[in-house]
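Welcome! Take a look at the model below, and then we can go through its aromatic rings and a patch on its surface.

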Amino acid sequence: LSSSLSLLSASNEFFLQFPNCLSYESLEECVEKLEFALANDPAPLSAEHAHAFTWQAATERLYEAAGITKEQQKKNQKEKDDAHTLAMLHRQGSHDFFQDSMFFFDAEAEEKHDSGESA
């Protein structure tokens, strides 16, 4: 466990909930907080605070911030999967078209070569 120095700003607001977050607004406060952190052991995190640092909790906060429900997330995943399937089918179709075109091109070039025509 460790303490964290955090500039007091809106972007660091999330970290202020933790007892080991030492926020500061000036260089002088930063030095004071750093000296405190070096001289003291950090407090153990509660289960709730420890959970807040997990990927699961971060994902939940992202969904909340984005206003995405679990049902919407499932729908988005299905749409993503469907789009991926369509892209694969399109790519395969394009591949077949170009393969066929190259075959015809090569056949025409061979005919011209055989007949003595210039390409």
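## The aromatic cluster

Which residues do ring pairs link into a cluster? In this predicted model, the members are Phe14, Phe15, Phe18 and Phe53. Searching the whole structure turns up three aromatic pairs. One of them joins Phe14 and Phe15 in an edge-to-face arrangement, with 5.2 Å centre to centre and 80° between the planes. Phe14 has 26% relative accessibility and is therefore partly exposed; Phe15, at 33%, counts as partly exposed too.

## A stacked pair across the sequence

Phe18 and Phe53 also form an aromatic pair, and here the rings are stacked: the centres are 4.5 Å apart, and the angle between the planes is 20°. Where do these two residues lie? Phe18 sits in the loop between strand S1 (4-7) and strand S2 (21-24), while Phe53 belongs to the loop between helix H2 (47-52) and helix H3 (55-66). The pair therefore ties together parts that are 35 residues apart in sequence.

Are the two partners buried or exposed? Phe18 counts as buried because its relative accessibility is 5%, under the 20% cut-off. Phe53, at 48% relative accessibility, is partly exposed, since the exposed class begins over 50%.

## A nonpolar surface patch

Leu5, Leu34 and Leu38 make a nonpolar surface patch of about 290 Å². Of these residues, Leu5 is found in strand S1. With 34% relative accessibility, Leu5 counts as partly exposed, and a patch residue needs over 30% relative accessible area.

Notes: Residues numbered from 1 in each chain as written. Predicted model: local features only at pLDDT ≥ 70, side-chain atom pairs only at ≥ 80, totals over all residues. Heavy atoms only, no water. Phe/Tyr/Trp six-rings, centres within 6.5 Å; stacked < 30°, edge-to-face > 60°. Buried < 20%, exposed > 50% of the residue type's maximum accessible area, 1.4 Å probe, protein only. Helix = DSSP H or I, 4+ residues; strand = E, 2+ residues; numbered from the N terminus. Patch = residues over 30% accessible without salt bridge, like charges linked within 9 Å, V, L, I, M, F, W, Y side chains within 5 Å. Areas by Shrake-Rupley, 256 points an atom, 1.4 Å probe, with all protein chains shown as cover. Salt bridge = Lys/Arg side-chain N within 4 Å of Asp/Glu carboxyl O.
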